[in-house]
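Q: I have a structure open and would like to talk through how its parts pack against one another. Could we go through it step by step?

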Amino acid sequence: MTSAFLDRQSTVAGPGFNRFLVPPAALAVHLSIGQAYAFSTFNLPLSRLIGISQSAPGDWTLKELGWVFSIAIAVLGSSAALFGRWVERVGPRQSMFVAAVCFGGGFLVSAVGIHLHALWLLYLGYGVLGGCGLGIGYISPVSTLIKWFPDRPGMATGMAIMGFGGGALIAAPLSVLLMKHFATAAANGVFETFVTMGVIYFMFMMVGVVTVRVPADDWKPAGWVAPAQPKKLITTANVSVDVAWKTPQFWLLWGVLCMNVTAGIGVLGQASPMIQEIFSGKVTAAAAAGFVGLISLFNMVGRFFWASTSDYIGRRNTYMVFFLLGILLYASVPTLGHLGSIPLFVAAFCVILSMYGGGFATIPAYLRDMFGTYQVGAIHGRLLTAWSVAGVLGPVLVNYIRQFQIDNGVPKAQAYSITMYIMCGLLFIGFLCNFAMRAVNAKYHHQVGGKPL
Amino acid sequence: MRGRLVFLWLLVGIPLAWGVLKTLENALKLFQ
């Protein structure tokens, strides 16, 4: 009975179903898995499990704990790529359920690891199991939303992916609140917080599992007619996942996503020390935390804003804006630093981070435009490997170049200038990939019985 | 169906609004 409930066939919506019930279902999943971005909240308490108020001999180091998040993000990219086709086959309900079990279960396994003080259980629990929940959960609702909103695919997927950005805004204060609540003289409350969050996130994701529906094959929004004159970069054909990754368009889009994410993710990870070092003596640690919060907010809002805008100006043009405006803003950062203008500096990074989020949120609709709706979720899953690469490349570029500069006598306040110009170079590569985008050759189109699907 | 729609949007909207407010509270420190 349970398997029948999870079956794709049981999720086909009946007549009169309101399609606006699907975005909150997707949001329930994305708001939960977006917690990953706030994992660093646990780093300090986890490094003081024995010493409580400070690290004691035998406590885990921050370096060792840093691997938990890295493993989770690496597994996110690989599981999205590996399970994409399965997600398409079994449908959103079953895949969201598996994501909920993995993500909630990951917290519970990690809680056991905290209780036994076994770090490998954290790697396995949050890193591997939770990472699978992240990857499967991230791609689960994408193709369903695209099918429900053929008239506004950017807005629909933007709304869900906005949840991934918003998840951190909820998780960070929630984690602090729970740890404070459970803390005693003998323990800092991380174990109980992990158990509570595992249960809360599982239940919240189940709201999505129960609510999600797929449209019937012949369903169309009331009054909506597909454009009679299809646009050059919006296909009416379909390309299967196994063929899509052999097309130049897939790799151009891979480059577009990778460059856009690399430029943003490095800054996101270093935002707090960066603003304190560039405006040395003017920005306190508390103000820097405010800066991180503000750019995270723009990262979230940008996801909805830019993805929705792409429905009107086109996907290619949206990325053109990201790359050209991004180059201009990154190039202006060193000057704004020299001028000592904090408001302009903050404004520049708010726009940059909105485009970072926008890049994530617009890519599913771009894939749909190029490859059709047939296996767009699975293609999206494979494209997310660009995120895994960018997740390593971005922070490495920012951290290592900064350190190299400082080691060579460059003052800390100026150590970011070269990095910003390198970011401009990366965005220019992204611009070229996007500029080269053309419609997929008809020889790649999926055919059934000699006819296009 | 309408009640369910409102309930679901509130269910995801309230935690999100709470997170945004907490973030804005923190962000204000930047300009103090």
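Q: How many residues of domain 1 of chain A are in contact with domain 2 of chain A?
A: In this predicted model, 29 residues of domain 1 of chain A are in contact with 31 residues of domain 2 of chain A.

Q: Which helices supply the domain 1 side?
A: Helix H4 (62-90), helix H7 (142-148) and helix H8 of chain A each supply at least two residues of the side of domain 1 that touches domain 2. The largest share of that side comes from H8(A), with 12 residues.

Q: And what is the make-up of that side by class?
A: The side of domain 1 of chain A that touches domain 2 of chain A has 16 nonpolar, 9 polar and 4 charged residues.

Q: Where are the bounds of the two domains?
A: Domain 1 of chain A covers 2-6 + 20-211, and domain 2 of chain A covers 241-440. Their C-alpha centres lie 23 Å apart.

Q: Going back to H4(A), how does it cross H6(A)?
A: The axes of H4(A) and helix H6 (residues 119-139) of chain A come within 6 Å and cross at roughly 35°. The crossing is right-handed. By class, this contact of H4(A) with H6(A) has 19 nonpolar, 7 polar and 1 charged residues.

Q: Changing topic: how many residues of chain A are in contact with chain B?
A: On the chain A side there are 23 residues, in contact with 19 residues of chain B. The elements of chain A that give two or more residues to this side are H2, helix H8 (153-182), H9 and helix H12 (285-313).

Q: Which of them gives the most?
A: H12(A) does, with 9 residues. By class, the side of chain A that touches chain B divides into 17 nonpolar, 6 polar and no charged residues.

Q: What does H12(A) do with H11(A)?
A: The axes of helix H11 (residues 248-278) of chain A and H12(A) come within 9 Å and cross at roughly 145°. H11(A) passes H12(A) in a right-handed crossing.

Q: Which residues meet there?
A: From H11(A), Leu268(A), Ala271(A), Ser272(A), Ile275(A) and Gln276(A) meet a set in H12(A) made up of Ala285(A), Ala288(A), Ala289(A), Phe291(A), Val292(A) and Ile295(A). The contact has 9 nonpolar, 2 polar and no charged residues.

Q: H2 and H9 also came up; at what angle do H2(A) and H9(A) cross?
A: The axes of helix H2 (residues 22-33) and helix H9 (residues 190-211) of chain A come within 7 Å and cross at roughly 155°. That angle is why H2(A) is roughly antiparallel to H9(A). The crossing is left-handed.

Q: Which residues make that contact?
A: In H2(A), Pro24(A), Ala25(A), Ala26(A), Ala28(A), Val29(A) and Ser32(A) meet Tyr201(A), Phe204(A), Met205(A), Val207(A), Gly208(A) and Thr211(A) in H9(A). By class, these residues divide into 9 nonpolar, 3 polar and no charged.

Q: Finally, the chain as a whole: how many helices and strands does chain A have?
A: Chain A has 17 helices and 2 strands. Its radius of gyration is 22 Å, close to the 22 Å that the globule rule gives for 453 residues, so chain A is as compact as a globular protein of that length.

Q: What box do the C-alpha atoms of chain A fill?
A: Taken along the principal axes, they fill a box of roughly 65 × 55 × 35 Å.

Notes. Residues numbered from 1 in each chain as written. Chains lettered and ligands numbered in written order. Predicted model: local features only at pLDDT ≥ 70, side-chain atom pairs only at ≥ 80, totals over all residues. Axes fitted to C-alpha atoms, helices over the stretch in contact; angles between N-to-C directions. Helix = DSSP H or I, 4+ residues; strand = E, 2+ residues; numbered from the N terminus. Parallel < 35°, antiparallel > 145°, perpendicular 65-115°, else oblique. Left-handed = near helix turned anticlockwise from the far one by under 90°. Contact = placed C-beta atoms within 7 Å. Nonpolar A, V, L, I, M, F, W, Y, C, P; charged D, E, K, R; others polar. Domains from an automatic or database assignment. Rg over C-alpha atoms; globule rule 2.2 N^0.38 Å.
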